Amino acid sequence: MDKTGDTNNDGTVNSIDASSMLSEYARTATGKDSSFNIVQFYAADIDNNGKIDSVDASRVLSYYSFLSTHDDDITIEEFFNMAQ
Ligand SMILES: [Ca+2]
Ligand SMILES: [Ca+2]
């Protein structure tokens with residue numbers, strides 16, 4: 001499994017993935033069951049803290065906006081290792 005940010009597994013990382021992560025955060029924050037399976041969860045937990053929240057979603061949006069303005073073909077993990 002890859003930590004990609006691609007929660008719906010359509011091969012691209014974009015605002016749809018980020019909004020699904022915010023929906024997931026809203027569910028779990030209010031005590032509802034997760035709607036993500038384990039593959040989606042792993043892909044979405046960008047900062048590796050064991051939960052999906054607004055930090056992960058904002059990282060996906062940062063990565064998405066970077067990709068849309070650069071030709072670099074880097075993974076989201078490489079992007080945040082670079083950004084740290
Ligand atoms: Ca996607
Ligand atoms: Ca997280």
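## Leu61 in helix H3

Leu61 is found in helix H3; helices here are DSSP runs of H or I with at least four residues, strands are DSSP runs of E with at least two, and both are numbered from the N terminus. With 19 C-beta neighbours inside 10 Å, Leu61 counts as partly exposed. On this scale a residue is buried if 20 or more other C-beta atoms lie within 10 Å of its own, exposed if 12 or fewer, and partly exposed in between, with C-beta atoms placed from the backbone.

Not counting residues up to four places away in sequence, Leu61 touches Ser15 and Ala18. Two residues are in contact if their C-beta atoms, placed from the backbone, lie within 7 Å. Leu61 and Asn14 are 47 residues apart in sequence, and their C-alpha atoms are 6.8 Å apart in space.

## Basis of the model

The structure is a predicted model, in which local features need pLDDT of at least 70, side-chain atom pairs count only at pLDDT 80 or more, and totals for chains, interfaces and linings use all residues. Residues are numbered from 1 along each chain as its sequence is written, while chains are lettered from A and ligands numbered from 1 in the order in which they are written.

## Overall fold

Of the 84 residues of the chain, 25% count as buried. Among contacts with a separation of 6 or more, residues 24 or more positions apart account for 53%.

## The largest nonpolar core

A nonpolar core is a set of buried Ala, Val, Leu, Ile, Met, Phe, Trp, Tyr and Cys residues joined through C-beta atoms within 7 Å. The largest one has 13 residues, of which Met21, Ala44, Val60, Tyr63 and Ile76 touch the most other members. Helix H1 (15-29), helix H2 (38-44), helix H3 (54-69) and helix H4 (76-83) each supply at least two residues of this core. H3 gives the most to the core, with 3 residues. In soluble globular proteins, nonpolar side chains tend to be buried together.

Leaving out residues up to four places away in sequence, Met21 touches Thr7, Ala44, Ile52, Asp56, Ala57 and Val60.

## Phe41 in helix H2

Phe41 lies in helix H2 and counts as partly exposed, with 17 C-beta neighbours inside 10 Å. Leaving aside its neighbours within four places in sequence, Phe41 is in contact with Ser34, Phe36 and Ile52. Phe41 and Ser58 are 17 residues apart in sequence and 16 Å apart in space, C-alpha to C-alpha.

## Two asparagines with positive phi

Asn9 is found in the segment before H1. Although Asn9 is not a glycine, it has a positive phi of about 55°. Asn9 is exposed, with 11 other C-beta atoms within 10 Å.

Asn48 is found in the loop between H2 and H3. This residue is not a glycine either, yet Asn48 has a positive phi of about 60°. With 9 C-beta neighbours inside 10 Å, Asn48 counts as exposed.
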